[in-house]
Amino acid sequence: MRVLVVGAGAIGSLFGARLAQAGHDVVLVARPAHATAIRAHGLRLEGRTPVTVRLGAVERIPPHSETDAVLLTVKSYDVAATARAVARAVRPPVPLLAVQNGLGIVPLVAASLAAGGWPEPTAFVVRGINSIPAMLVGPGVVKPTGEGEVLLGTDGESGTPRFVAMFARLLDSAGLPTRPAGDVVREEWRKALINAAINPVTADHGIPNGQVAKDPWRGQALELLEEALAVSEAEGIDFSRAEIERDLWRVVRRTAENRSSMLQDLDRAKRTEIDAISGAILRLGERHGLELPATRRIVERLRRRADRSLPSPTARRSLQG
Ligand code: KPL
């Protein structure tokens with residue numbers, strides 16, 4: 001199958017490499033240094049038995065792209081602009097799997113695809129809620145760092161179950177385990193609650209996910225989880241504390257070696273998803289009149305950190321290519 005992977009961070013690169021290994025015809029849209037390294041030497045997939053995988057790599061979505069499916073793996077803050085660019089370049093519409101952290105991704109992707117010219121795009125959008133961890137080691141090198149799965153689902157009203165089944169077959173064929181999401185909104189929340197507990201703590205202290213299970217980080221993570229849970233409850237998404245804590249520690253265990261995506265972003269002086277995860281929870285909490293002091297503190301601290309560590313706007317533009 002021809003697969004266009006738009007967004008070759010850690011997850012896009014890992015998924016692209018595994019799909020190419022399984023015999024699919026993969027093109028990755030990547031930052032210039034990553035794309036150049038992949039074109040020159042292939043994409044190195046580290047792990048117990050490192051391999052080099054040959055696949056296509058380009059810096060921009062090629063105009064008039066012909067593909068059977070799109071994997072949209074950019075960060076949440078790039079979803080709108082990138083989905084618009086996909087719709088302009090890929091015609092007619094093809095099934096698109098949106099894999100990123102954050103809430104409300106399906107309507108955002110659908111609206112952006114419509115703005116780019118796809119008619120009735122919701123029918124083509126499948127949401128992927130991913131817990132498979134990976135790290136981008138450097139240009140042309142990606143490393144899987146634990147275990148997880150991809151939950152797949154659509155907008156219950158207008159999404160197409162056929163495409164969920166298609167992406168399940170595609171990812172399963174590449175050894176990327178999938179499961180039906182059932183209620184996508186609820187599962188997005190579950191992932192957001194887990195991200196709100198793990199990602200800012202790991203980013204704040206520069207620790208791998210596994211350390212979050214230990215004091216003093218454990219206490220901080222649980223405080224953030226509790227505040228985020230109060231917001232999800234106010235939004236009508238009810239999780240028992242016991243259920244979500246069990247899920248949190250399961251993800252921490254299975255991704256213990258991983259540096260969270262937020263920590264990897266700070267490592268590389270890239271914009272983080274703090275606003276899409278904890279910031280979104282804070283904004284929703286405010287609407288419900290909820291005080292979230294721990295969340296507010298960490299959002300402010302990480303925003304300040306990002307402002308200090310991000311390169312100047314000019315250098316940032318050249319990093320983005
Ligand atoms: O989603 C992740 C992320 O880093 O963004 C987890 C599953 C927490 C793995 O680190």
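Predicted model: local features only at pLDDT ≥ 70, side-chain atom pairs only at ≥ 80, totals over all residues.
1. The four-stranded sheet. Four strands form an open sheet in the order β4-β3-β10-β9, and their pairing is mixed. The edges are taken by β4 (51-53) and β9 (134-138); each has a single partner strand, so one side of each is left without a neighbour in the sheet. From one strand to the next, the twist averages 30 degrees.

2. Pairing of β3 with β10. Strand β3 (residues 43-45) runs parallel to strand β10 (residues 141-144), and two bridges join them. Within this pair, L45 lies opposite V142 of β10. Helix α2 (residues 32-41) packs on the sheet and touches β3, β4, β9 and β10. The direction of α2 makes about 85 degrees with that of β3.

3. The eight-stranded sheet. A further open sheet, of eight strands, also has mixed pairing. Its strand order is β5-β2-β1-β6-β7-β8-β11-β12. Here β5 (56-58) and β12 (178-180) are the edge strands, and because each has a single partner strand, one side of each is left without a neighbour in the sheet. On average, and with direction ignored, neighbouring strands of this sheet are turned by 25 degrees against each other.

4. Pairing of β11 with β12. Three bridges connect strand β11 (residues 150-153) with β12, and the two strands run parallel. In this pairing L152 is placed opposite P180 of β12. Helix α4 (residues 105-116) packs on the sheet through contacts with β6 (69-72), β7 (96-99) and β8 (125-130). Between the direction of α4 and that of β8 the angle is about 140 degrees.

5. When neighbours within four places in sequence are left aside, the contacts of S232 are W189, L193, I237 and F239.

6. Helix α6 against helix α10. The axes of helix α6 (residues 184-205) and α10 come within 9 Å and cross at roughly 115 degrees. The crossing is left-handed. On the α6 side the contact involves W189, A192, N195, A196, N199 and P200, which meet I277, S278, I281 and L284 of α10. Sorted by class, this contact has seven nonpolar, three polar and no charged residues.

7. Helix α10 against helix α11. Helix α10 (residues 275-287) and helix α11 (residues 293-309) have axes that come within 10 Å and cross at roughly 140 degrees. That angle makes α10 oblique to α11, since angles over 145 degrees are needed for roughly antiparallel and 65 to 115 for roughly perpendicular. This crossing is left-handed. From α10 the contact draws on D275, S278, G279, L282 and E286, and from α11 on T295, R296, V299 and R303. These residues divide into two nonpolar, three polar and four charged.

8. The two contacts of α10. As to composition, the contact with α6 has no charged residues, whereas the contact with α11 has four.

Definitions and conventions: Residues numbered from 1 in each chain as written. Heavy atoms only, no water. Pairing = 2+ DSSP bridges. Axes fitted to C-alpha atoms, helices over the stretch in contact; angles between N-to-C directions. Contact = heavy atoms within 4.5 Å. Parallel < 35°, antiparallel > 145°, perpendicular 65-115°, else oblique. Left-handed = near helix turned anticlockwise from the far one by under 90°. Nonpolar A, V, L, I, M, F, W, Y, C, P; charged D, E, K, R; others polar.
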